[in-house]
Amino acid sequence: MSNKIPAMVLGATGYVGGELLRLLAVHPEFKLLAAVSTSQAGQPIAATFSALAPAWPNLTFSTPEDSLAMLADVDRLALFSAAPHGASAAMVAQFVAAAHSHGVELHVVDSSADFRYRTAADYEAVYASTHGASELLADFEQGVPEHVAATSKQHVGHPGCFATAALLAAVPLCASSFAPSSLFINGITGSTGSGRSPLPGTHHPERHSNLYAYKPLAHRHAPEIAAYIATAGGGDVRVNFVPHSGPFARGIHVTLQAELPNAVSVDDLRQHYRDYYANASFVRIVDGTPRIKDVVTSNYCHIGVAAEGNNVVVMSAIDNLVKGAAGGAMQWMNRLWSLPETHGLLATAPAWT
C-alpha cells in the first residue's frame with residue numbers, strides 16, 4: 001500500500017493546472033487523487049493535455065462535488081489551487097471545511113491572487129471585489145519560499161509570476177545596507193501568463209515579432225511586490241513597475257534599476273546576492289546576464305547584476321508557469337509537509353526550446 005500523500009489540483013485544465021499535473025507525475029512523495037474541473041469533468045486528462053498522456057493515460061477530470069466526497073476516504077491531503085482569481089477562495093473554503101469535518105490533515109497552496117494579501121481590505125483595494133473567504137486569510141502565509149525562513153501557518157498564498165521574478169531580484173537589495181527608496185522594474189512575460197482563454201494580447205499574429213508595454217505604473221502586481229518587500233525586511237520602498245508582453249510562450253525576464261545612497265562595485269553587489277541566496281537551491285547568481293532559455297520549464301531563477309557608481313541593475317529570469325506558479329507552489333507544499341524542498345523539482349531547463 002502506498003504511503004504517498006494524496007494530492008488534488010483545483011482548476012486543473014489551465015496552464016498552471018497542467019504544470020502541476022506534470023510535476024505531480026514525477027513527485028516521489030505525492031500521488032494525484034483528483035484533477036478537479038467543472039468544465040471538463042469526466043473527460044480524460046490526456047484529451048486536454050496530450051503531452052501528459054504517458055503519465056495519466058486513463059485518469060479523468062473530477063467534479064468539485066466528487067472530489068469533496070473523496071475526503072471521507074483519506075486522512076491527509078495536499079491541495080493545490082490553480083483556480084482563477086476570485087473563484088479560488090470559495091472553492092478552497094469548501095475543501096477546508098470538508099477536511100475539518102472528516103478530520104483530514106490539510107495543507108493548501110493557492111496560486112491565484114485570493115490569498116496573497118494579509119487582509120481582505122488589502123485584497124479588495126487591488127481587485128475591487130469582496131474576498132470569497134476572508135475568514136481563512138489568517139491561516140495563509142504569503143511570499144516566495146526563499147524569503148520566508150519558517151512558517152507556522154497551515155497554508156500558503158503564492159505570489160504572482162511577475163511578483164516572484166521581481167521579488168527574487170529586489171529583496172536582497174532592499175533588505176541590505178544599500179536600501180534604495182525607489183525601484184524601477186521592467187518585466188517581459190510570455191503569452192502563457194495570460195491563461196488559456198484566447199485574448200487579443202495573446203493571439204499569435206498580434207504577439208509574434210511584437211513587444212509592447214501594458215498597464216504601466218498601474219499593474220496589480222506593484223502593490224503586491226511592495227508589500228512583500230516590506231514583509232521580507234526591505235522596508236517601505238516605492239515600486240515603479242512596467243510590464244511588457246513578449247513574443248514567446250514561456251518565461252519572464254525582469255530588469256530592476258535603482259539609485260543607491262552610496263556607490264557599490266559590481267563584485268560586491270554580486271557577492272551580496274550570492275551570500276543572500278547561499279542556501280537557496282533554486283536561485284543561481286550568474287556572471288553576465290540571465291537568459292530565459294536557461295530556465296524555461298525549470299524551477300530555477302537566474303540573477304545577474306551590474307553597477308556603476310551608485311546606480312545598479314539587477315536582472316532575473318524565471319519560467320512563469322513553474323517558478324512563478326506551479327513549481328513555486330510545489331516547493332511550498334514540500335515545506336508544508338516537512339519534505340525536502342527540492343523534491344520533484346530538480347529537472348534542469350532544456351535550453352533549446
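**The pocket and its surroundings**

Modeller: Helix α1 provides three residues to the lining of the largest pocket, the largest share. Helices (H or I, at least four residues) and strands (E, at least two) are DSSP runs numbered from the N terminus. The model is predicted, with local features needing pLDDT of at least 70 and side-chain atom pairs pLDDT 80 or more, while totals for chains, interfaces and linings use all residues. Residues are numbered from 1 along each chain as its sequence is written, and side-chain values use heavy atoms, leaving out hydrogens and water.

The lining of the largest pocket takes in 48 residues, and those nearest its centre are H85, G193, S194, G195 and R220. Two or more lining residues come from each of α1 (15–24), α6 (161–174) and α10 (322–336). A pocket is an open set of points on a 1 Å grid over the protein atoms alone where a 1.4 Å probe fits, with protein on both sides within 12 Å along at least five of seven lines; lining residues have an atom within 4 Å of a point. Sorted by class, the lining holds 26 polar, 17 nonpolar and five charged residues, where Asp, Glu, Lys and Arg are charged, Ala, Val, Leu, Ile, Met, Phe, Trp, Tyr, Cys and Pro nonpolar, and the rest, with Gly, polar.

H85, one of the residues nearest the pocket centre, is also touched by R116. R116 sits in the loop between β4 (105–110) and α5 (120–127). R116 counts as buried because its relative accessible area is 4% (buried is under 20%, exposed over 50%, partly exposed in between, with a 1.4 Å probe and protein chains only). The side chain of R116 comes to 2.8 Å from the backbone oxygen of S111, and a polar atom of that side chain also lies 2.8 Å from the backbone oxygen of H158. Leaving out residues up to four places away in sequence, R116 touches residues including Y127, Q142, P159, G160, H221, E224 and Y228 (contact means heavy atoms within 4.5 Å).

The largest nonpolar core has 41 residues, and L173, L183, I229, L256, Y273 and I303 make the most contacts inside it. Twelve residues of this core come from α6, its largest share. A second, separate core has 36 residues, among them V9, L20, L24 and A78. Such a core joins buried Ala, Val, Leu, Ile, Met, Phe, Trp, Tyr and Cys through side-chain atoms within 4.5 Å. Within four places in sequence aside, I303 is in contact with L168, A169, Y273, Y277 and V314, among others.

Some loop residues remain. G132 is in the loop between α5 and β5 (140–142) and, with a relative accessible area of 44%, is partly exposed. G132 touches A89 and A90, not counting residues up to four places away in sequence. The C-alpha atoms of G132 and V92 are 9.4 Å apart, though 40 residues separate the two along the chain.

Most residues other than glycine have a negative phi. S209, in the loop between α7 (204–207) and β8 (212–213), has a positive phi near 55°. S209 is exposed, at 62% relative accessible area. S338, in the segment after α10, also has a positive phi, near 60°, and its relative accessibility of 68% makes S338 exposed.

Terms used:
A polar contact is a pair of N or O atoms within 3.5 Å; within protein, one must be able to donate a hydrogen and the other to accept it, and residues adjacent in sequence count only if both atoms are side-chain atoms.
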